[in-house]
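This report sets out selected structural features of one protein chain. Please consult the sequence and coordinates shown here alongside the text.

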Amino acid sequence: MKLLKNLNLLRPCSEKPYLENAYVVIEGETFRSISTSEPEGEFKEIMDCGGKFALPGLINGHHHLYSALAVGMPPPARIPLNFTQILEEVWWKLDLALDRDATLTSFESGLIDSLKAGTTTVIDHHCSPSFIEGSLSLLGETGKRLGIATGLAFEVTDRNGAELFEKSLQENLDAAEKHAEDPELAALLGLHASFTLSEESLKKVAEVLSRKVGWGIHTHLSEDRADEEDAREHGYGSVVERLDHYGLINSNAMLIHGVHCLESDAERMLKHGAYLVHNPTSNANNRIGMLPAIAAECLKPGLGTDGMQSNMIREAKEGMLIRSSHLGGGDTGVDYQALLFDHNPRVATAVFGSNIGRVEPGFRADLAIYDYHPRTEVHEGNVFGHVFFGLDAPCDVMSGGRMRVQDHRVLGIDENAAKQEAADQSLRLWKRMQ
């Protein structure tokens, strides 16, 4: 067993959100006990944290690691005027240009960024049409090497033709079967979005989904009005109704965005127990609208970044500020602290089938540790302010009971070599995009 002592625990949305001078006992990969009195017993390792502060390891409810090499890339030749054109001129060109080497570098770069920001669980939604077979296993191997619990899904779509549709569908099924017993990996059936799938394709998706008990889809849902317009053209009242017609909305479904869903859609999602994930900075960047406050209240969505960034505290803070900019004085906002520290643990625990995201006995031993010297008092009533407006980057990060980042350095990885590889691969990728 391992003992961490002299640690100030910040646990937003917990019964006791602040524990000063806490003792944390870790057995194997999980927390065994958390207390403010010294535990009895013999410990193989004792770590004196010296009064540092710690959060639960953070969770990204929806990421696109394949976008990691997009930072600084040349702008598109034709300026996109709407959401569909953004996909056509930027992201669908980028994902098609990814080969195995660029994909691996994207995975590694994005996961390193995540880990250094204190994120120890990433539910990813991948797409590399020129490198399909084995791509999800490559992602899983990269996640395990860095100690990040990783959700696997490959984007199924009609836009690249029937052959690649079938290969993408098979890649999801292969990953689900291959990694079924691995507690650090969770495979879902990835779909791009309803508006890029025909009726015949949705029938095939439903047939594949039915082959595995307890399996769910991971799909973009009603991100833009174009998705809803397409569903109506197919004779449905909404995208949710269309997917539900094929039995794709179930208690394991991960539905991403939901910006333009109807009230009846929320009722249908609640009935099936599906999970919604909100991505505020991506919504703002793509100018597609804002998740209605009533949906955030009744559906209790998780929080993701949609590939915009890997820093979850920043995502929550920026999401809160984006929404606040549209509110009047005294108007009720959305509790982004709850999305990050309450809803995300529920989502991740359901996806992985094990307890993730809280510093409580029986949960995976994930911690983001900060060398934080607050200039004001910390107490149970002001944890939110210190987390959202005080903390910077964690100095140390632990996952599964093992230290993964120490003194801001990722252990077991040559970060300089990784950055150089990313720089080289990005130039090749951008050239292929042309």
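## Basis of the model

This is a predicted model, in which local features need pLDDT of at least 70 and side-chain atom pairs count only at pLDDT 80 or more, while totals for chains, interfaces and linings use all residues. Residues are numbered from 1 along each chain as its sequence is written, and side-chain values use heavy atoms, with hydrogens and water left out.

## Strands and their pairing

Helices (H or I, at least four residues) and strands (E, at least two) are DSSP runs, numbered from the N terminus. Two strands pair if DSSP finds at least two bridges between them. Residues are termed buried under 20% relative accessible area, exposed over 50% and partly exposed in between (1.4 Å probe, protein chains only).

Strand β2 (residues 18-27) pairs in the antiparallel sense with β1 (residues 2-10) over six bridges, and Leu7 stands opposite Ala22 in β2. With strand β3 (residues 30-35), β2 also pairs in the antiparallel sense, over five bridges; here Glu27 stands opposite Thr30. A hairpin is formed by β2 and β3 with two residues between them, and Gly28 in the turn has a positive phi of about 65°. Seven of the ten residues of β2 are buried, and the strand is thus described as mostly covered.

Strand β8 (residues 149-152) is covered on both faces: Ala149 and Gly151 are buried on one side, Thr150 and Leu152 on the other. Its parallel pairing with β7 (residues 119-124) runs over three bridges, and Ala149 is the bridge partner of Thr121.

## Nonpolar cores

A nonpolar core is a set of buried Ala, Val, Leu, Ile, Met, Phe, Trp, Tyr and Cys residues joined through side-chain atoms within 4.5 Å. The largest such core has 81 residues, and those with the most contacts inside it are Leu10, Leu189, Ile217, Leu248, Leu255 and Val387. A second, separate core of 19 residues includes Ala22, Ile34, Cys49 and Ala54.

Contact means heavy atoms within 4.5 Å. Leaving aside neighbours within four places in sequence, Leu189 is in contact with several residues, among them Val156, Leu169, Val205, Trp215 and Ile217.

## The second largest pocket

A pocket is found on a 1 Å grid over the protein atoms alone, as an open set of points where a 1.4 Å probe fits, with protein on both sides within 12 Å along at least five of seven lines; lining residues have an atom within 4 Å of a point. Grid points are joined across faces, edges and corners, and a volume is the space filled by probe spheres set on the points.

The second largest pocket holds about 330 Å³ of space. Of its 22 lining residues, Ala186, Ala187, Gly214, Trp215 and Val351 lie nearest its centre. Two or more lining residues come from each of α4 (162-178), β9 (185-187) and α12. The lining divides into 15 nonpolar, five polar and two charged residues, where Ala, Val, Leu, Ile, Met, Phe, Trp, Tyr, Cys and Pro count as nonpolar, Asp, Glu, Lys and Arg as charged, and the others, Gly among them, as polar.

## Individual residues

Asn344 lies in helix α12 (residues 336-352) and counts as buried because its relative accessibility is 0%. Its C-alpha atom is separated by 6.5 Å from that of Gly61, 283 residues apart along the chain. Not counting residues up to four places away in sequence, Asn344 touches Ile59, Gly61, Gly302, Leu303, Met312 and Leu339.

Ser194 occupies the loop between β10 and α5 (199-209) and is buried, with a relative accessible area of 2%. Beyond its neighbours within four places in sequence, the contacts of Ser194 include His220, Asp227 and Arg242.

Phe384, in helix α13 (residues 383-389), counts as partly exposed at 31% relative accessibility. Ile79, in the loop between β6 (58-63) and α1 (83-97), counts as exposed at 57%.
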